[in-house]
Amino acid sequence: MPTPSEKLASSLEILHQLQQRGMTAIRSEDLSRTHRERLVKNGFLQEILKGWYIPAKPGTPAGESTSWYASFWDFCAAYLLHRLGKAWCLSPEQSLALHAGNRTVPRQLLVRSPKARNRITELPYGTSLLDVRATMPDPANIVTQEGMRAFSVPSALTACSPGFYTAQSTDARAALSMIRSASDLLPHLLEGAHSTIAGRLAGALRNIGRDRIAEDIVQTMRAAGYKIVESDPFSAKLPTILSPRETSPYVNRLRLMWQQMRRPIIEHFPPAPGQPQNIAAYM
């Protein structure tokens, strides 16, 4: 008869096989009841929702959230795919955050789907998932970001709320920096007759130093018969530090974060006479 350690070893081997297949979110059906209960009892599986588990580290103190935060995105992608198939995508704002390289776990993940139940699914450690029955972009404008179905950058910029530019200014600027020409945005703006949004995007692009793209948007919309009033949705204008040649949103996001960090340093510790007036000179 197998010893308890041998039984646990056999269960761990099954878990290992699932992980080798790239499975982070593990359903009850993926394991026999015996293996599942044994792994939960010994701390190798943590239940997230009824019938849904993630691998965990045994002996982790109660309230330790590391396993959950490390598994969040993979778990949500698998859970949503199982529940909604391909009929879902993230909100425009969350899509832009991911495109900008922001992998911070949100307090509430907002998902759009025609199959949505318009209700909140509570997740561990104060996180949750809210699926709402709202308009999704055309399938051609949905991209996959590490398992998450998201708006493409141009479609998300067209659909996001004005408040995104002030609430998540770093992500907004990093996402805007990914726009290479007005032709990325104009099809979305013209198709939806989005004159107000066009004015906002032109102002936002000027804010990060992309005047040529902003001007192309304004002139094209006006040529199509729309009245455009530019408006900068950001609450402040930062020095232009985003090179149009930089293709990585991660690099631009780091530069923006550094820019925001050094502003209070300059205000509280101004340079001595004869020293550079901008600590960017040391970068």
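**Stop one: a charged pair**

Start by selecting Glu215 and Arg206: their side chains meet in a salt bridge, 2.5 Å from N to O. (A salt bridge here is a side-chain nitrogen of Lys or Arg within 4 Å of a carboxyl oxygen of Asp or Glu.) Before you move on, note that this is a predicted model, where local features need pLDDT of at least 70, side-chain atom pairs count only at pLDDT 80 or more, and totals for chains, interfaces and linings use all residues. Residues are numbered from 1 along each chain as its sequence is written, and side-chain values use heavy atoms, with hydrogens and water left out.

Are these two buried or exposed? Glu215 has 32% relative accessibility, so it is partly exposed. Arg206, at 22%, is partly exposed too. (Buried means under 20% relative accessible area, exposed over 50%, and partly exposed in between, using a 1.4 Å probe and protein chains only.)

**Stop two: the two helices**

Next, show helix 9 (residues 195–207) and helix 10 (residues 211–223), which pack at an angle of about 160° with their axes 7 Å apart. (Helices are DSSP runs of H or I, at least four residues long, and strands are runs of E, at least two, all numbered from the N terminus. Axes are lines fitted to C-alpha atoms, for helices over the stretch in contact, and angles run from 0 to 180 degrees between N-to-C directions.) That makes the two helices roughly antiparallel, a label for angles over 145 degrees.

Which residues of helix 9 make the contact? Pick Ser195, Ala198, Ala202, Leu205 and Arg206. On helix 10, the contact residues include Ile213, Ala214, Ile217 and Met221. (Contact means heavy atoms within 4.5 Å.)

Stay on helix 10 and select Arg212 and Asp216, four residues apart, about one turn of the helix. They form a salt bridge, with the closest N and O atoms 3.5 Å apart. Arg212 is exposed at 54% relative accessibility, while Asp216 is partly exposed at 31%.

Finally, jump to Glu146 and Arg103, whose side chains meet in a salt bridge of 3.2 Å, N to O. Glu146 sits in the loop between strand 8 (142–145) and strand 9 (148–151), and Arg103 in the loop between helix 4 (92–99) and strand 5 (108–112), so the pair ties together parts that are 43 residues apart in sequence. Glu146 is exposed at 52%, and Arg103 is partly exposed at 29%.

Notes:
Angles under 35 degrees count as roughly parallel, over 145 as roughly antiparallel, 65 to 115 as roughly perpendicular and the rest as oblique.
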